[in-house]
Amino acid sequence: MSDFRNFLRRTAGNWTSHRRYFYPSNGKIDNSRSMLEVEITGDTDDVTQVHLGWKTYDSHTNEMISDGEMLTETDGSVMRRNIGYMTKDETECNVSMIDGDCVVLRTSYGGMNVREEIRLLENDSVRLRQTVGKKDSTGEVFLVGQYYEIRS
């Protein structure tokens, strides 16, 4: 899984993330902008550790609506996060590489499963991300997130 660890190294740095979230059950769409800091904090032959910090702002009011940090550790085809995207509990993601520029993370917790795809473009200066959340009980899509991220 050295391809994934190399992919993580390529994502290190500061990013501006333009986000759109769609909630199919009610048709609601939210737009926001996040400032991300991705730092490789440990990198050995077996494990890569990443610190991710963020501040998210409402696109209309420019008010900060959330901030936080996530610590990850990757070995093999599993990435462990100290918190999930929709939980404060630890989570594990199954990792698969589509190609050298695209990774898919799959996570299940709290009665849902989430598929996140991240693609690097333009000499690693742009990331396209997409997240799809489904309910385990019905298979219904409850969240679609799309992100256009520019290296700052």
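**View 1. Asparagine 123 is exposed, with a relative accessibility of 80%.** The model shown in every view is predicted. Asparagine 123 sits in the loop between β8 and β9. Its phi is positive, near 55°, although the residue is not glycine. Most residues other than glycine have a negative phi. Aspartate 124 lies in the loop between β8 and β9 as well. Aspartate 124 also has a positive phi, near 65°, and is likewise not a glycine. Is aspartate 124 buried or exposed? Aspartate 124 counts as buried, because its relative accessibility of 18% falls under the 20% cut-off. Asparagine 123 counts as exposed because its 80% is over the 50% cut-off.

**View 2. Ten strands close into a barrel.** The order runs β1-β2-β3-β4-β5-β6-β7-β8-β9-β10, and the pairing is antiparallel. From one strand to the next, the twist averages 25°. Strands of a sheet pair through backbone hydrogen bonds. Strand β1 covers residues 13–23 and strand β10 covers residues 141–151. These two strands, β1 and β10, pair in the antiparallel sense over eight bridges. Serine 17 has glutamate 149 of β10 as its bridge partner. Arginine 20 stands opposite glutamine 146 in β10.

**View 3. β1 and β2 form a hairpin.** The two strands run antiparallel and are joined by 11 bridges. Glycine 13 has valine 38 as its bridge partner in β2. Four residues lie between the strands. Glycine 27, in the turn, has a positive phi of about 75°.

**View 4. β5 and β6 pair over four bridges.** Strand β5 spans residues 78–81, and strand β6 spans residues 91–99. Their pairing is antiparallel. Valine 78 faces its opposite residue, asparagine 94, in β6.

**View 5. Nine bridges join β9 to β10.** These strands run antiparallel. Valine 126 stands opposite isoleucine 150 in β10. The hairpin of β9 and β10 has five residues between the strands. There, glycine 139 takes a positive phi near 75°.

**View 6. Arginine 127 is buried in strand β9.** The strand comprises residues 126–135. Why does arginine 127 count as buried? The reason is its relative accessible area of 6%, which is under the 20% cut-off. Which side chain makes a polar contact with the side chain of arginine 127? The partner is glutamate 149, and the contact is 2.7 Å. Glutamate 149 is also the bridge partner of serine 17.

**View 7. Glutamine 146 is partly exposed in strand β10.** Its relative accessibility is 31%. Leaving aside neighbours within four places in sequence, glutamine 146 is in contact with His18, Arg19, Arg20, Arg129 and Gln130. Arg20 is the residue that stands opposite glutamine 146. Valine 50 is 96 residues from glutamine 146 in sequence. In space, glutamine 146 and valine 50 are 22 Å apart, C-alpha to C-alpha.

**View 8. The largest pocket has a volume of about 880 Å³.** It is lined by 42 residues. Which of them are closest to the centre of the pocket? They are Arg19, Tyr21, Met70, Tyr85 and Arg129. Arg19 and Arg129 are also among the contacts of glutamine 146. Strand β2, residues 28–43, gives the most to the lining of the largest pocket, with six residues.

**View 9. The model has one cavity of 30 Å³ or more.** About 80 Å³ of space lies in the largest cavity. Its lining includes Arg81, Gly84, Tyr85, Met86, Thr91 and Leu105. Arg106, Thr107, Tyr109, Val114, Glu116 and Thr131 also line the largest cavity. Tyr85 is also one of the residues closest to the centre of the largest pocket. Which strand supplies the largest share of the cavity lining? Strand β7 does, with four residues. β7 (102–109) and β8 (112–121) each supply at least two residues of this lining.

Methods:
Residues numbered from 1 in each chain as written. Predicted model: local features only at pLDDT ≥ 70, side-chain atom pairs only at ≥ 80, totals over all residues. Heavy atoms only, no water. Pairing = 2+ DSSP bridges. Axes fitted to C-alpha atoms, helices over the stretch in contact; angles between N-to-C directions. Buried < 20%, exposed > 50% of the residue type's maximum accessible area, 1.4 Å probe, protein only. Polar contact = N/O pair within 3.5 Å; in protein donor to acceptor, adjacent residues only side chain to side chain. 1 Å grid on protein atoms, 1.4 Å probe; cavity = no way out; pocket = protein on both sides within 12 Å on 5 of 7 lines; lining within 4 Å. Points joined across faces, edges and corners; volume = space filled by probe spheres on them. Contact = heavy atoms within 4.5 Å.
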